[in-house]
Amino acid sequence: MRVLIACEYSGRVRDAFAARGHTAVSCDLLPTENPRGWHVQGDVLQLLGWGGWDLLIAHPPCTHLAVSGARHFEAKRASGVQQEALAFVRALMDAPVPRIALENPVSIISSQIRKPDQTIQPWQFGHGETKATCLWLKGLPLLKPTNIVDGREARVHRMAPSPDRWKERSRTYEGIAAAMAEQWGALPRRRAASEDFDLPAPNDAYGVTGSSAHTVRPADTDGGSNGSGELR
């Protein structure tokens, strides 16, 4: 399966799919934290224009959307940044991909676009914490809890202020990433293999054809995520 993880710099969801034999590519404006996997640093909407993806899992920025920041909404609407954020969400939801999951905290996506199909918590997937995560799904079943555990610590919400606080708050829990890969990665492909496109092998000069602003940065070739360069 060809899987594109939009707006992910951590590589957690990408690597969970790659570990199960899928061709998984992350894309973000930031470089990946884990270079042992395929990563495109640039605009994911241009990458979606290639076509040929089986599954899109998107984590659009919630800065201008999350209801936790509602006190700033008037200023965000006046500046236009909230409308831009919603337009980006709509573009991801309307992407030409047969299966799509879009993830965000409780946000105005529910009132401005549509209500989520599901809300999950980390404690349903082996992490004794609370952080309500909404999922908007297309062509995908609801994500089933895999390991309900004790503990309801609001660790993420209690993080001390720091320059990297937003990055720490945005990382996908590994238990949730594993559940996505295990459950959604087992679904049959809805595209013909003839629609696949080629990604550069690990020893190529990693320029992305047709978009000089993007660079594919694959893994080390010592057994990391998709390190062999084989495309599945």
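The chain holds seven helices and seven strands, where helices (H or I, at least four residues) and strands (E, at least two) are DSSP runs numbered from the N terminus. This is a predicted model, in which local features need pLDDT of at least 70 and side-chain atom pairs count only at pLDDT 80 or more, while totals for chains, interfaces and linings use all residues. Residues are numbered from 1 along each chain as its sequence is written, and side-chain values use heavy atoms, with hydrogens and water left out.

**Overall fold**
- Read along the sequence, the pattern of elements is β-α-β-β-α-β-α-α-β-α-β-β-α-α.
- Of the contacts (heavy atoms within 4.5 Å) with a separation of 6 or more, 63% are between residues 24 or more positions apart.

**Surface and burial**
- Of the 232 residues in the chain, 49% are buried, a term that means under 20% relative accessible area, with exposed meaning over 50% and partly exposed in between (1.4 Å probe, protein chains only).
- The accessible surface, computed by the Shrake-Rupley method with a 1.4 Å probe, comes to about 11000 Å², and carbon and sulfur atoms account for 51% of this surface.

**Cysteines**
- Cys 7 lies in the loop between β1 (2–6) and α1 (12–18), and counts as buried because its relative accessibility is 16%.
- Most residues other than glycine have a negative phi, whereas the phi of Cys 7 is positive, near 60°.
- With a disulfide taken as a pair of cysteine sulfur atoms within 2.5 Å, the count is zero.
- Cys 7 is accordingly in no disulfide, and the nearest cysteine sulfur, that of Cys 27, is 7.4 Å away.
- Cys 62 is partly exposed, with a relative accessible area of 31%.
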